[in-house]
Amino acid sequence: MNKKIMINQNRCSACGDCQEVCPQKILKIRRVSSDEKQEMTLFQRINCFYHKNNRLEVIDPIKCLGCGLCIKACRHEAIFLEDFKQLEKIF
Ligand code: SF4
Ligand code: SF4
């Protein structure tokens, strides 16, 4: 697959709806450590605190099928598939 699943942490509410529908079980809500919080923007730290220090993570992106079920499940438009070619232009 030439797309990569990405999370917009500024929009994500860590609700876990996408985690429930992913057939590959590669989406995981987990607790954020204090070290990780240091690397976040102020907005992300506040967002994280508001969501009980939980955060969504893609644990094994290579296993993503690109099925889009997580995107359909998300009410906040916080998860999306990005074209690798677009990513190459960014990084
Ligand atoms: S696109 Fe499909 S396989 Fe990939 S993370 Fe979303 S639900 Fe899982
Ligand atoms: S990406 Fe969307 S569905 Fe998944 S945890 Fe974040 S807000 Fe919930």
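Biologist: Which residues make up the largest nonpolar core, and how many are there in all?

Modeller: This is a predicted model. The core includes I5, C12, A14, C18, C22 and L27. L56, V58, C70, C74, A78 and I79 belong to it too. In all, the residues of this largest nonpolar core number twelve.

Biologist: Take C18. Which residues is it in contact with, leaving aside its neighbours within four places in sequence?

Modeller: C18 is itself part of the largest nonpolar core. With its neighbours within four places left aside, C18 is in contact with L27, C70, A73, C74 and I79.

Biologist: Which residues come nearest to ligand 1?

Modeller: The shell around ligand 1 holds 14 residues. They divide into eleven nonpolar, three polar and no charged. The nearest are C22, C64, C67, L69 and C70.

Biologist: And which residues are closest to ligand 2?

Modeller: Ligand 2 is surrounded by 14 residues. Ten of the shell are nonpolar, three are polar and one is charged. The closest are C12, C15, C18, C74 and A78.

Biologist: Is N8 buried or exposed?

Modeller: N8 sits in the loop between β1 (3-7) and α1 (17-21). Around it, 12 other C-beta atoms lie within 10 Å. A residue with 12 or fewer counts as exposed. So N8 is exposed.

Biologist: How far apart in space are N8 and D60?

Modeller: In sequence, N8 and D60 are 52 residues apart. From C-alpha to C-alpha, the distance in space is 17 Å.

Biologist: What does M40 count as, given its C-beta neighbours inside 10 Å?

Modeller: M40 is placed in the loop between α2 (34-38) and α3 (42-50). Not counting residues up to four places away in sequence, M40 touches R45 and C48. Its C-beta neighbours inside 10 Å number 15, so M40 counts as partly exposed.

Biologist: How far is M40 from V21 in space?

Modeller: M40 and V21 are 19 residues apart in sequence. In space, C-alpha to C-alpha, they are 27 Å apart.

Biologist: In what order do the elements of the chain run?

Modeller: The chain has five helices and four strands. From the N terminus on, the order is β-α-β-α-α-β-α-β-α.

Biologist: What is the radius of gyration of the chain?

Modeller: The C-alpha trace spans about 35 × 30 × 20 Å along its principal axes. For 91 residues the globule rule gives 12 Å. The chain comes close to that, so it is as compact as a globular protein of that length. Its radius of gyration is 13 Å.

How values were computed
Residues are numbered from 1 along each chain as its sequence is written. Chains are lettered from A and ligands numbered from 1 in the order in which they are written. This is a predicted model: local features need pLDDT of at least 70, side-chain atom pairs count only at pLDDT 80 or more; totals for chains, interfaces and linings use all residues. A residue is near a molecule or strand if its C-beta atom, placed from the backbone, lies within 6 Å of it. Ala, Val, Leu, Ile, Met, Phe, Trp, Tyr, Cys and Pro count as nonpolar, Asp, Glu, Lys and Arg as charged, and the others, Gly among them, as polar. A nonpolar core is a set of buried Ala, Val, Leu, Ile, Met, Phe, Trp, Tyr and Cys residues joined through C-beta atoms within 7 Å. A residue is buried if 20 or more other C-beta atoms lie within 10 Å of its own, exposed if 12 or fewer, and partly exposed in between; C-beta atoms are placed from the backbone. Two residues are in contact if their C-beta atoms, placed from the backbone, lie within 7 Å. Helices (H or I, at least four residues) and strands (E, at least two) are DSSP runs, numbered from the N terminus. The radius of gyration is taken over C-alpha atoms; the globule rule is 2.2 Å times the number of residues to the power 0.38.
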